[in-house]
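The sequence and structure come first.

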Amino acid sequence: RAIAKARKNIILASTYDFIWQNVRLSPIMEYVRISFGGTIAVDHGKILAAIEANDPILAEEMMTAHINSLINDVNKYWQEKRHG
C-alpha cells in the first residue's frame, strides 16, 4: 500500500485495498500464497529494492513477476479445488 501511495498508483492501491481489506478475501489469499509456494515478502522486498535503487524498469519487472506469481498460485488453488 505504501509503494502504491508513494508512486501515486491508484490501480495498485485499489487492488491492494480490495484484497487485503476484504474480511473474507484476505485469509483466502494468505492461504493460497502459503499453500502454493508464494513468496509475498520476498517479492515485495525485490520491488522495494528496485524502487530504492531508482530503477523503474526493474521495479516494473519485479511487480509483474509478483502479479504473475499471484495469478499462478490462484490458478493452482482452483485446479486443486476442481480435481480435489
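Arg-33 lies in helix α3, residues 25-35; helices here are DSSP runs of H or I with at least four residues, strands are runs of E with at least two, and both are numbered from the N terminus. Arg-33 is buried, at a relative accessible area of 2%. Buried means under 20% relative accessible area, exposed over 50%, and partly exposed in between, with a 1.4 Å probe and protein chains only. The model is predicted, so local features need pLDDT of at least 70 and side-chain atom pairs count only at pLDDT 80 or more, while totals for chains, interfaces and linings use all residues. Residues are numbered from 1 along each chain as its sequence is written, and side-chain values use heavy atoms, with hydrogens and water left out.

A salt bridge is a side-chain nitrogen of Lys or Arg within 4 Å of a carboxyl oxygen of Asp or Glu. By this rule the count comes to two salt bridges. In one of them, the side chains of Asp-43 and Arg-33 meet at 3.2 Å, N to O. Asp-43 lies in helix α4 and Arg-33 in helix α3, so this pair ties together parts ten residues apart in sequence. Asp-43 counts as buried at 10% relative accessibility.

Asp-73 is buried, as is Arg-33.

## The largest pocket

The largest pocket has a volume of about 370 Å³. Of the 16 residues that line this pocket, Leu-12, Tyr-16, His-44, Met-63 and His-66 are the closest to its centre. On a 1 Å grid over the protein atoms alone, a pocket is an open set of points where a 1.4 Å probe fits, with protein on both sides within 12 Å along at least five of seven lines; lining residues have an atom within 4 Å of a point. Grid points are joined across faces, edges and corners, and a volume is the space filled by probe spheres set on the points.

At least two lining residues come from each of α1 (2-6), α2 (10-20), α4 (40-52) and α5 (56-83).

## The second largest pocket

The second largest pocket holds about 260 Å³ of space. Of its 14 lining residues, Arg-7, Ile-51, Pro-56, Ala-59 and Glu-60 are the closest to its centre. α5 gives the most to this lining, with five residues.
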